[in-house]
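Q: I have a two-part request: could you show me how to read a model like this one, and start with how far to trust it?

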Amino acid sequence: MKYLVILVGVVTLWSCQPKDEKLKIYGRKEVKAEGDTIFHKIADYKFVNQDSAMVTPATFEDKIYVADFFFTSCPTICPIMKTQMLRVYEKYKDNPEVMILSHSIDPKHDTVAVLKEFSERLGVSSDKWHFITGDKEDIFKIGQTSYMVTAMDDATAPGGYLHSGAFILVDKERRVRGLYDGTLADQVDKLMVDMDKLLQEYEK
Amino acid sequence: MKNKFLIIAAITMMACTGKKDTQSASVADDVKFEQYMVEGQQLYTIHCSNCHQVNGEGLGRLYPPLSKSDYLLEDIDRAICIIKNGQEGSIMVNGVVFNQPMPAVTTLKKLEIAEIATYIYNSWGNEKGMVSIDKVDQALTDCSNQP
């Protein structure tokens with residue numbers, strides 16, 4: 001009898017959880033006079049990837065993507081971020097709606113050739129996972145203002161750069177839909193659950 | 001129970017090396033070995049596993065494996081120096097060229113290096129036995145003498 005009560009309690013609690021809950025949309029909202037809501041969007045950008053190809057928002061048209069910030073000679077958190085991002089890559093490598101965008105915050109050292117070798121050594125395909133370089137200030141700026149993460153010079157940090165280990169999930173409308181610690185396996189588990197949820201939003 | 005087996009196995013192996021140590025000394029050594037393995041694993045997690053991975057298999061062609069790595073197994077002194085001083089330039093590990101710099105961890109004490117070395121030399125299929133502080137001391141003296 002007692003167990004029955006517990007069981008009913010558990011079932012009730014379960015049913016209280018909203019089903020098909022959509023992922024939050026991050027950032028400041030703006031409501032226009034006409035009543036439309038304008039969400040925070042990733043700003044325009046133009047970078048170069050490991051194949052010397054131009055990468056712009058058009059590259060990610062009709063795709064969701066995961067972004068991060070790293071540098072190839074980073075001695076601290078980047079290797080573990082790449083290990084974790086590789087899990088995302090492996091899971092979605094055959095899904096044409098998913099891409100990955102890794103920004104180098106050390107573009108002076110991380111030239112196209114360095115990024116090319118890095119991606120090849122990691123064993124990933126460049127039409128799925130873009131490693132980009134470009135103007136350092138542009139990369140720092142888009143990190144801070146569009147992706148809401150820390151990316152800056154810091155002589156006191158190991159490797160000379162201070163940057164967050166965040167993975168940022170971006171939807172097809174260039175809106176941020178999730179922020180995760182890319183150094184922790186369970187956070188990346190959550191990211192992949194959220195990616196599945198986000199992909200469902202586009203199923204018609 | 002499993003530990004007991006390990007101890008017995010270790011004693012048997014020690015006996016095979018033809019050492020004249022008494023049995024009680026072997027048991028003391030074995031306890032020390034276990035301590036080094038436990039401490040070594042913790043230090044490995046902090047300082048090494050980001051790149052070389054928890055399972056010692058490395059990452060792609062970026063970070064070389066430690067597990068059954070010919071480069072690691074053929075020279076313990078060299079590995080001790082690399083743990084302390086880092087390394088740059090390309091190396092060949094199990095037939096694959098790696099060329100990512102490894103940072104020095106200058107803060108590591110000799111005991112800690114011995115613990116890390118003992119852990120990596122006795123995990124994931126590696127079986128080189130304990131790396132003592134004396135061994136580390138000697139290796140570090142030699143590598144700092146190099147030009």
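A: pLDDT is the predictor's confidence in each residue, from 0 to 100. This is a predicted model, and its chain B averages a pLDDT of 88, with 83% of the residues scoring at least 70. Where pLDDT is low, the predicted coordinates should not be read in detail. For the model, ipTM is 0.72 and pTM is 0.79.

Q: How many residues of chain A are in contact with chain B, and which elements give two or more of them?

A: On chain A, 9 residues are in contact with 10 residues of chain B. Helix H2 (78–92) and helix H3 (112–122) of chain A each give two or more residues to that side, and H2(A) has the largest share, 4 residues. By type, this side of chain A divides into 4 nonpolar, 3 polar and 2 charged residues.

Q: What should I look for in the interior?

A: In soluble globular proteins, nonpolar side chains tend to be buried together. Here the largest nonpolar core has 70 residues, and A:Tyr65, A:Val66, A:Ile100, A:Ile168 and B:Ala117 have the most contacts inside it. The largest share of this core, 7 residues, comes from H2(A). A:Ile168 touches, among others, A:Val66, A:Tyr147 and A:Leu179.

Q: Which way do the residues of E7(A) point?

A: A:Trp129 and A:Phe131 point one way, A:His130 and A:Ile132 the other way, and all are buried.

Conventions: Residues are numbered from 1 along each chain as its sequence is written. Chains are lettered from A and ligands numbered from 1 in the order in which they are written. This is a predicted model: local features need pLDDT of at least 70, side-chain atom pairs count only at pLDDT 80 or more; totals for chains, interfaces and linings use all residues. Two residues are in contact if their C-beta atoms, placed from the backbone, lie within 7 Å. Ala, Val, Leu, Ile, Met, Phe, Trp, Tyr, Cys and Pro count as nonpolar, Asp, Glu, Lys and Arg as charged, and the others, Gly among them, as polar. A nonpolar core is a set of buried Ala, Val, Leu, Ile, Met, Phe, Trp, Tyr and Cys residues joined through C-beta atoms within 7 Å. A residue is buried if 20 or more other C-beta atoms lie within 10 Å of its own, exposed if 12 or fewer, and partly exposed in between; C-beta atoms are placed from the backbone. Lists of a residue's contacts leave out its neighbours within four places in sequence.
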